[in-house]
Amino acid sequence: MDDVAVAEGDHEHPGPPELDWETLSMLIIHGVDIEIEDDGLPLLPEAWTLDEKHAPFPLNLQPTWYCATLLVLILILHTGLDAGWLLHHEYSHYIVRILSRTILTVAISFFSTLLFEVLGRVWSFITELAIDRIFFVLDVWFIELLHWGPVDAEGNAIEIEFHADPRNIRQPIRHAARGIVFATFHYMNIIVLNLGRLDMASWSVFLAGLVSTKFANFILNLPTTLALPTPGLDGTTSFKTLYWEFGVPALLQVWVAAFLYLWSFSCIARSETPRILGQASRNYFYLLKGALLRATAMHLLAYTAYQIVCIGISATHPLGLMMEIPQSMMKGSFLWRLGQMASVEISPRAGILLLGAHWLVKNACRLIVEHVWPLWVPYMVWLSIKTELGTWASWEIYSLVLNEDMDVFHRDKAVRERVLMTILFGLKSSWPARMRLSSVNGIDERGVIP
């Protein structure tokens with residue numbers, strides 16, 4: 001087998017690529033380490049400048065104004081605490097509640113982006129390399145043991161090339177073996193990930209218990225404390241209460257998602273600086289940052305849509321989400337037993353509500369971005385070398401990206417998949433999935449068959 005590695009030919013695996021921002025951006029955004037041709041059009045001379053730019057409002061204020069504003073806030077806070085109205089009035093507690101729910105949901109969106117788009121992409125890349133290696137070893141096994149290809153005097157495979165097969169039975173056997181290995185590998189991958197998650201949780205509690213019992217209880221209750229704020233879990237069924245407690249945070253989350261999109265556009269504009277100056281194709285750090293901000297905004301909108309659906313179900317169903325197909329129609333039948341074995345929860349109403357919620361939050365986010373864009377242009381001009389003319393010229397590209405991301409029925413935005421999974425398995429399957437960040441045709445970094 002030592003000679004095989006030398007004779008792999010086209011199957012030879014190169015060493016690991018040098019880890020830099022270009023490699024990371026290619027792997028995370030496009031899913032493959034390839035060079036993407038930059039088809040950006042050259043900008044007009046008046047579309048960019050290296051001259052010093054003034055900061056926009058309110059960043060252009062003198063330090064005296066910031067000090068005065070800080071003093072006013074301190075006086076208001078001191079007066080409120082001294083008089084007692086800041087601690088004893090309900091609106092102060094209400095503001096803290098909605099802000100804490102909004103901040104927690106946004107933090108969970110950042111964490112899920114890191115988990116799905118970064119760690120998930122890296123894990124997928126590692127599994128792809130492992131599967132390719134297993135397939136290579138399988139082909140070598142067919143050649144050396146079954147003599148389906150050329151071997152040397154010692155019986156080692158010379159190259160990965162198969163002899164002619166007049167009966168045409170070797171290729172189906174090879175494909176069947178690959179399919180079995182592929183399915184087994186992914187099944188074991190799922191088992192390992194689930195067991196690893198459970199073992200990590202149990203070991204965390206065990207190690208925390210060695211420190212103190214209070215610390216162990218803190219670790220044990222941490223998933224509940226940091227769980228996604230979900231309407232209706234406390235048994236609240238009043239629509240008015242659900243709206244003010246969870247609907248207002250949902251509105252704030254849509255605004256945060258719109259801000260993340262504007263921020264991502266600023267990163268994309270800054271990534272074009274080397275290309276404009278003729279130094280390189282892109283600044284890959286800002287390119288990756290802009291893509292991950294877009295993904296975070298989409299994850300945040302998906303969580304917000306889930307919360308809106310929970311508000312609707314809790315307000316209309318006092319007992320929560322019920323089976324949409326009456327049990328009396330299926331009980332005792334083969335379909336019912338099969339559904340129980342697969343944990344199927346037929347919930348078409350939840351799926352329809354989820355589709356409507358996604359349409360609502362995405363269109364609201366798009367309207368906010370389109371209306372706030374003129375106010376954001378001065379900040380983009382200040383952060384990049386583009387002028388106002390060049391920034392407005394780029395809006396056509398940004399709006400195209402925005403419209404694709406906000407399209408509920410776009411096949412790359414994973415909304416239809418979430419709706420289908422919700423119809424089959426309930427709301428627990430309506431959370432975000434990995435988004436398609438690449439805009440290159442012909443590849444899908446999620447591993448989804450186009």
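The following questions and answers concern this predicted model.

Visitor: How many helices and how many strands does the secondary structure of the protein chain come to?
Guide: The protein chain has 450 residues, of which 36% are buried. Its secondary structure contains zero strands, and the number of helices is 16.

Visitor: What share of the contacts with a separation of 6 or more comes from residues 24 or more positions apart?
Guide: Contact here means heavy atoms within 4.5 Å. Among contacts in the protein chain with a separation of 6 or more, the share from residues 24 or more positions apart is 71%.

Visitor: Are H8 and H10 roughly parallel or roughly antiparallel to each other?
Guide: Helices H8 and H10 pack with their axes 8 Å apart, at an angle of about 165 degrees. Angles over 145 degrees count as roughly antiparallel. H8 and H10 are therefore roughly antiparallel.

Visitor: Is the crossing of H8 and H10 left-handed or right-handed, and how many nonpolar residues does their contact have?
Guide: The crossing of H8 and H10 is left-handed. By class, their contact has three charged residues and nine polar ones, while the nonpolar count is 21.

Visitor: Which residue class has 10 members in the contact of H5 with H10?
Guide: H5 passes H10 in a right-handed crossing. Residues of H5 in the contact include Phe 110 and Phe 116, and those of H10 include Leu 292 and Tyr 303. By class, the contact has one charged residue and seven polar ones, and the class with 10 members is nonpolar.

Visitor: How many nonpolar residues are in the contact of H10 with H13?
Guide: H10 and H13 pack at an angle of about 130 degrees, with their axes 8 Å apart, and are therefore oblique to each other. Their crossing is right-handed. The residues that meet include Leu 301 and Ile 308 in H10, and Leu 353 and Cys 365 in H13. By class, this contact has two charged and three polar residues, and the nonpolar ones number 14.

Visitor: How many residues has the largest nonpolar core?
Guide: Residues with the most contacts inside this core include Tyr 261, Val 369 and Trp 373. The elements that give two or more residues to the core include H5, H8, H10 and H13. A second, separate core, which includes Ile 28 and Tyr 284, has eight residues. The largest core has 46.

Visitor: Which residues is Val 369 in contact with, leaving aside its neighbours within four places in sequence?
Guide: Val 369 is one of the residues with the most contacts inside the largest nonpolar core. Leaving aside those neighbours, Val 369 is in contact with Ala 258, Tyr 261, Leu 262, Phe 265, Trp 395 and Leu 402.

Visitor: Is Pro 58 buried or partly exposed?
Guide: Pro 58 is found in the loop between helices H2 and H3. Beyond its neighbours within four places in sequence, Pro 58 is in contact with Tyr 66 and Tyr 379. Buried means under 20% relative accessible area, and exposed means over 50%. Pro 58 has a relative accessible area of 35%, so Pro 58 is partly exposed.

Note on methods: Residues numbered from 1 in each chain as written. Predicted model: local features only at pLDDT ≥ 70, side-chain atom pairs only at ≥ 80, totals over all residues. Heavy atoms only, no water. Left-handed = near helix turned anticlockwise from the far one by under 90°. Helix = DSSP H or I, 4+ residues; strand = E, 2+ residues; numbered from the N terminus. Nonpolar A, V, L, I, M, F, W, Y, C, P; charged D, E, K, R; others polar. Core = buried A, V, L, I, M, F, W, Y, C linked by side-chain atoms within 4.5 Å. Buried < 20%, exposed > 50% of the residue type's maximum accessible area, 1.4 Å probe, protein only. Axes fitted to C-alpha atoms, helices over the stretch in contact; angles between N-to-C directions. Parallel < 35°, antiparallel > 145°, perpendicular 65-115°, else oblique.
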